[in-house]
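This report covers the ligand site, the barrel and the domain layout of the structure shown below.

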Amino acid sequence: MKRTEIKKLLERTDFGSLVNVKGWVRTKRGSKNVAFIALNDGSTIKNVQVVVDRNEDNTELLEQVNTGASLSVDGTLLESAGSGQKVEVHATNIELLGKADPNEYPLQPKKHSLEFLREKAHLRFRTNTFSAVARIRHSMIFAIHKFFTEEGFFNIHTPIITASDAEGAGEMFQVSTLDLNDIPKTEDGAVDFKQDFFGKAANLTVSGQLEAELGALALSKVYTFGPTFRAENSNTTRHLAEFWMIEPEVAFCDIYEDMDLAEDMLKYVIQYALDHCMDDLEFLSKRLQDEEKNKKADERSMELIEKLKFVLDKPFERITYTEAINILRNSKPNKKKKFQFPIDGWGADLQSEHERYLVEKHFKKPVILTDYPRDIKAFYMKQNDDGKTVRAMDVLFPQIGEIIGGSQREDDYDKLQQRMIEMDIPQESMWWYLETRKFGSVPHAGFGLGFERLILFLTGMGNIRDVIAFPRTPLNCEF
Ligand code: ATP
Ligand code: MN
């Protein structure tokens, strides 16, 4: 018999039909005469209840039906008498596909800590929390492609291996086929990359932006959605060494239109989640409330679905970095020395505690900060006439802080070159980037959205290690 996915099965009303379901046992309970098996196949957060009449023939089999075991069940679709579920399957035949020894299977039907589950990442997809996150991740990937397609963008693939450092931050993983135990050296003792695979030093990309710009300067509107790699040794709840980034790049576009695009896109995908992921969001909302029930009322986060709607309701606040510094300097936590990094002057980069203060306490809505000091931003950002700031824009979100970083790009050849010299960006390896400013240069802008930060926000999960299936962080490359 053809398998029916549980998501589809739960919507059926043709009671009396014979059906087949397959899945993994979540729980088994029951009495002497009857067993109730909660079966889940990942197609939905919901389980289907399988009812089995115990008899001499199935006693041995039912003993092996433990949490984690996989089953194929033939049975009759019935209207459920119990509350909560509309349908159940009255089993006529059960096949044990794979057993799971209860003395060894690590996921027992009780609450496991997220830390414990990180060590069981090969199995954590089978929990409600991680399957919900995985389904929402999928929906967001789809929504992002849908949004950009509807807006007339073209998706381009930018290289994963690159010889340039887009951010100039030097936090790159090296890519090499040289024998690490016998590295060829030049006469002056440096590594001889001429003998390496590409004949020069190469890295994993930290951003697809530079190449996306090349696409935008021909196709007008492009975006990339690819993996990016940063060897930053920051063990925070918001940083991964390998993460996914969405990077639109638009020609004939200034920083204001760039901000509109960022706001429209975020609102579109959040609305999509509300329209398509409600079962999972409701589950995650309860999970979060449960987790925070011991916190003081003012330390609890806003209810998840309310929080998503809250972001949709109002226009994002748009202020300059300079205005933000003034607000922060005069803020209560700054005066009372509550910030870990006190704000005393103009020019320093903002920490996530500052970003969150602006969003959660001061404006009580997402904030877009613009016109940052040029010395804390990348070389490619368009310089303002004041000689001090650049046309950067960061979108700050509750709970997360920075979710998007973007800018209008410097389209003036001389200014770009000057900035590269000042910031020690090697022009030889970036000749192709400079050349686009020589031939038909146009104002253009774009941004990078960290996909996992978006998923953190949407799921209410607290640690970025829990919104990607197999996180890569310092000293952690298991699975
Ligand atoms: P942060 O200050 O939080 O480290 P950034 O300024 O380094 O961020 P950008 O270089 O502007 O970030 O990258 C664009 C977006 O990519 C960020 O807004 C964020 O959403 C995401 N991002 C950056 N670094 C990471 C990381 N290590 N792990 C996950 N997401 C990241
Ligand atoms: Mn960073």
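## Shell around ligand 1

Strand E15 contributes the most to the shell around ligand 1, giving four residues. In this predicted model, the elements that supply two or more residues to that shell are strand E11 (242-251), strand E15 (401-408) and strand E16 (444-450).

The shell holds 16 residues, of which Glu232, His239, Glu402, Ile403 and Arg453 come nearest to ligand 1. By class, the shell residues divide into six nonpolar, four polar and six charged.

## Polar contacts and cover

From a side chain, a polar atom of arginine 230 is placed 2.9 Å from an oxygen atom of ligand 1. On its own, ligand 1 has 580 Å² of accessible area, and the protein covers 83% of this.

## Barrel

Five strands form a closed barrel in the order E1-E2-E3-E5-E4, with mixed pairing. Neighbouring strands of this sheet are turned against each other by 55° on average, direction ignored.

Strand E4 (residues 70-79) pairs with strand E5 (residues 87-98) in the antiparallel sense, over ten bridges. Serine 70 is set opposite glycine 98 in E5.

## Domains

The domain assignment divides the chain into domain 1 (6-107) and domain 2 (136-158 + 245-316 + 365-464). Taken over C-alpha atoms, the centres of domain 1 and domain 2 are separated by 44 Å.

Methods: Residues numbered from 1 in each chain as written. Chains lettered and ligands numbered in written order. Predicted model: local features only at pLDDT ≥ 70, side-chain atom pairs only at ≥ 80, totals over all residues. Heavy atoms only, no water. Pairing = 2+ DSSP bridges. Axes fitted to C-alpha atoms, helices over the stretch in contact; angles between N-to-C directions. Domains from an automatic or database assignment. Near = heavy atom within 4 Å. Polar contact = N/O pair within 3.5 Å; in protein donor to acceptor, adjacent residues only side chain to side chain. Areas by Shrake-Rupley, 256 points an atom, 1.4 Å probe, with all protein chains shown as cover. Nonpolar A, V, L, I, M, F, W, Y, C, P; charged D, E, K, R; others polar.
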